[in-house]
Amino acid sequence: PYRQRLQIKDMALSTPGSRIKKWRSTLRDAYILKVHESPIMSDQDMEHAVRQMRQRNMIKVKMIVATDKSYGVHPMEGIMQIYFDQMNVIAKHLEEIAKDQQEQ
């Protein structure tokens, strides 16, 4: 549902946002939903919200973001991965299916 929204891609050094621990692993590619109660749907919405914050001389601004859950995606290929413990569970299920078919 948020795929067509703006995303956080990078943070300027020496800013409060860049000082958030592990921001790259948690906030990078997060979708920006709201900035100070203003819904952000486009570049123009973001520019308008920032302009308003600057006009009001606001120092702190609340930003609401949403992240995607990542499920074992290969970092270079972008394809899903199966881990060894998952393969063991699948193997057990396949053994049970084969055993049930032999009994019939």
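These legends walk you through a few close-up views of a predicted model. Local features need pLDDT of at least 70 and side-chain atom pairs pLDDT 80 or more, while totals for chains, interfaces and linings use all residues. Residues are numbered from 1 along each chain as its sequence is written, and side-chain values use heavy atoms, leaving out hydrogens and water.

**View 1. Three strands make an open, antiparallel sheet.** The order is β2-β1-β3; strands here are DSSP E runs of at least two residues and helices are H or I runs of at least four, numbered from the N terminus. β1 (residues 31-35) pairs with β3 over four bridges, where pairing takes at least two DSSP bridges between two strands. One spot to look for is K34, whose bridge partner in β3 is I64.

**View 2. Helix α2 lies across the sheet strands β1, β2 and β3.** This helix covers residues 43-55 and runs at about 40° to β1. The angle is taken between N-to-C directions, on a scale from 0 to 180 degrees, using lines fitted to C-alpha atoms, for helices over the stretch in contact.

**View 3. M41 sits in the loop between β2 and α2.** Leaving aside residues up to four places away in sequence, M41 touches Q4 and R5 (contact means heavy atoms within 4.5 Å). S18 and M41 are 23 residues apart in sequence, and their C-alpha atoms are 24 Å apart in space.

**View 4. I97 belongs to helix α3.** This helix spans residues 84-103. I97 counts as partly exposed because its relative accessibility is 46%, between the limits for buried (under 20%) and exposed (over 50%), with a 1.4 Å probe and protein chains only.
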